[in-house]
Amino acid sequence: MKRTVSMLLALTLGLTLVGCSGQRGEKNPDPEVSTPVEESQTTEPRSFTDSLGRTVELPAQIDHIAVSAAMAQRVVAPLAADKMIGRSGEFTEAEREYYTDAYAELPVVGEFYGKETGDLEVLLSSGAQVVIDVGTPKDGLAEDLDALTRQTGIPFVHISFYADAMDEVYIKLGELLNMPDEAEKLAAYCRETYDMVQAIADKAEKANILYVVGDKGLNVIARGSYHAGVIDMLTNNLAVVDNPVSKGFGNEVDMEQILLWDPDIIFFSPESIYDTVADDPLYQQVTAIRNGAYYKVPLGPDNWMGFPPSVQQLLGMQWMAKVLYPDLADYDLYERVNEFYTLFYHKPLSQEEFDKLVAGSLSPKA
């Protein structure tokens with residue numbers, strides 16, 4: 001954080017740029033970033049209170065936004081990709097096919113909070129009227145965002161994200177961006193989906209499972225960790241550890257512990273050992289593997305179970321409920337997933353594309 005502020009001070013002293021009012025230098029420092037059109041004429045600024053209780057002044061109309069990091073990008077893009085001045089990182093070819101061309105072709109400007117890979121000159125010259133941060137509130141976050149706001153002249157705002165309140169995230173974003181009707185469409189899908197899956201979870205006799213990640217098959221997503229929200233909602237997550245790690249790589253354990261847990265069902269993350277685990281003599285001692293009761297989590301464009309945790313958890317919870325409790329999950333999974341892709345990625349999903357996404361994910365490994 002201190003490094004970021006120091007860099008910003010140096011840049012703001014050395015550049016003839018003013019970020020807070022949308023004025024820009026005469027030259028664009030990055031040829032890949034087109035100079036944005038002049039901001040809409042506004043009369044009076046307005047106040048916005050973010051999820052941390054911080055009140056910032058914003059233009060009445062917001063046409064150019066930046067996101068702080070990849071998490072914010074995943075949440076904001078479904079609502080306002082056309083307002084984004086750039087993306088936080090490159091897409092792989094596999095990821096690119098799920099996005100509209102206009103969004104996929106946005107320039108990469110990096111991250112401005114957290115990894116701090118962003119090009120601050122580009123941010124300051126982009127005309128961005130607000131930088132949106134999305135995630136869990138961390139200690140010191142308010143102070144950090146206040147410092148960034150002071151040093152850049154661009155308001156940094158935080159929207160807290162939780163799996164059980166995604167609808168509230170979009171309502172808040174709709175308020176921020178003056179897009180209440182568009183935000184409500186996304187919020188309605190979030191609300192309906194979560195309530196539907198929660199009703200299934202309430203009725204189900206919970207399956208004893210492990211979620212295994214990593215290329216060695218010795219990391220698990222522990223009960224109570226931030227990444228385990230969907231898993232804990234729908235299952236009896238056997239991975240109980242003393243200090244759950246709230247990171248996508250989970251908690252490292254050993255094979256002895258996995259054998260002691262002896263799950264009935266195992267879900268493997270896309271990058272894990274799903275394809276080779278049947279040949280592992282130690283894993284063959286686990287009930288789930290011996291019975292072929294294991295599945296690969298779908299991937300496209302992100303891991304459906306939420307690594308990183310984001311709106312794709314809506315896909316993961318519907319998929320997992322369908323796999324574990326098909327008698328209770330009486331919806332057509334393709335129809336639900338296609339609706340999600342249409343709303344959140346703005347690209348309908350064909351039956352063929354769906355079948356490719358869920359290959360190895362809907363039936364136990366034979």
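Modeller: What follows is a run through the labels, each set against its cut-off.

Colleague: What makes a residue count in the first place?

Modeller: This is a predicted model, so local features need pLDDT of at least 70 and side-chain atom pairs count only at pLDDT 80 or more, while totals for chains, interfaces and linings use all residues. Numbering starts from 1 along each chain as its sequence is written, and side-chain values use heavy atoms, with hydrogens and water left out.

Colleague: What is the average pLDDT of the chain, and how many residues score at least 70?

Modeller: pLDDT is the predictor's confidence in each residue, from 0 to 100. The chain averages 86, and 88% of the residues score at least 70. Over residues 1–42, though, the pLDDT is below 50; that stretch still has 74 contacts in the model beyond near neighbours in sequence. Contact here means heavy atoms within 4.5 Å.

Colleague: How many helices and strands are there in the chain?

Modeller: There are 14 helices and 11 strands. Both are DSSP runs numbered from the N terminus: helices are H or I with at least four residues, strands are E with at least two.

Colleague: Why is Tyr 345 called buried?

Modeller: Buried means under 20% relative accessible area, exposed means over 50%, and partly exposed is in between (1.4 Å probe, protein chains only). Tyr 345 has 7%, so it is buried. Tyr 345 is in the loop between α13 (333–344) and α14 (351–357). Leaving aside neighbours within four places in sequence, its contacts include Tyr 98, Pro 301 and Phe 340. Tyr 98 is 247 residues away in sequence, yet 6.7 Å away in space, C-alpha to C-alpha.

Colleague: And why is His 346 called partly exposed?

Modeller: His 346 has 43% relative accessibility, so it counts as partly exposed. His 346 is also in the loop between α13 and α14, and has a positive phi of about 60° although it is not a glycine. Asp 262 has a positive phi too, of about 45°. With a relative accessible area of 30%, Asp 262 is therefore partly exposed.

Colleague: What makes the largest nonpolar core a core?

Modeller: A nonpolar core is a set of buried Ala, Val, Leu, Ile, Met, Phe, Trp, Tyr and Cys residues joined through side-chain atoms within 4.5 Å. The largest has 85 residues, and among the members touching the most others are Ile 132, Tyr 170, Phe 267 and Trp 319. Helix α8 (residues 180–203) gives the largest share, nine residues. Another core, of 19 residues, lies apart from it and includes Leu 210 and Met 255.

Colleague: Why is strand β6 described as largely enclosed?

Modeller: Six of the seven residues of β6 (residues 207–213) are buried, so the rest of the structure largely encloses that strand.

Colleague: Which strands does β6 pair with in the parallel sense?

Modeller: Two strands pair if DSSP finds at least two bridges between them. β6 has three parallel bridges to β8 (residues 235–237) and four to β10 (residues 265–268), also parallel. With β7 (residues 219–220), β6 has two bridges in the antiparallel sense. β6 and β7 form a hairpin with five residues between them, and Gly 214 in the turn has a positive phi of about 90°.

Colleague: Why are β3 and β5 said to stand at the edges?

Modeller: The open sheet has three strands in the order β3-β4-β5, with parallel pairing. β3 (65–67) and β5 (156–160) each have a single partner strand, so one side of each is left without a neighbour in the sheet. The twist averages 30° from one strand to the next.

Colleague: How do you know that α12 and α13 are roughly antiparallel?

Modeller: Axes are lines fitted to C-alpha atoms, for helices over the stretch in contact, and angles run from 0 to 180 degrees between N-to-C directions. Angles under 35 degrees count as roughly parallel, over 145 as roughly antiparallel, 65 to 115 as roughly perpendicular and the rest as oblique. Helix α12 (residues 313–324) and α13 pack at about 180°, with their axes 11 Å apart. The two are therefore roughly antiparallel. Trp 319 of α12 and Tyr 341 of α13 are among the residues making the contact.
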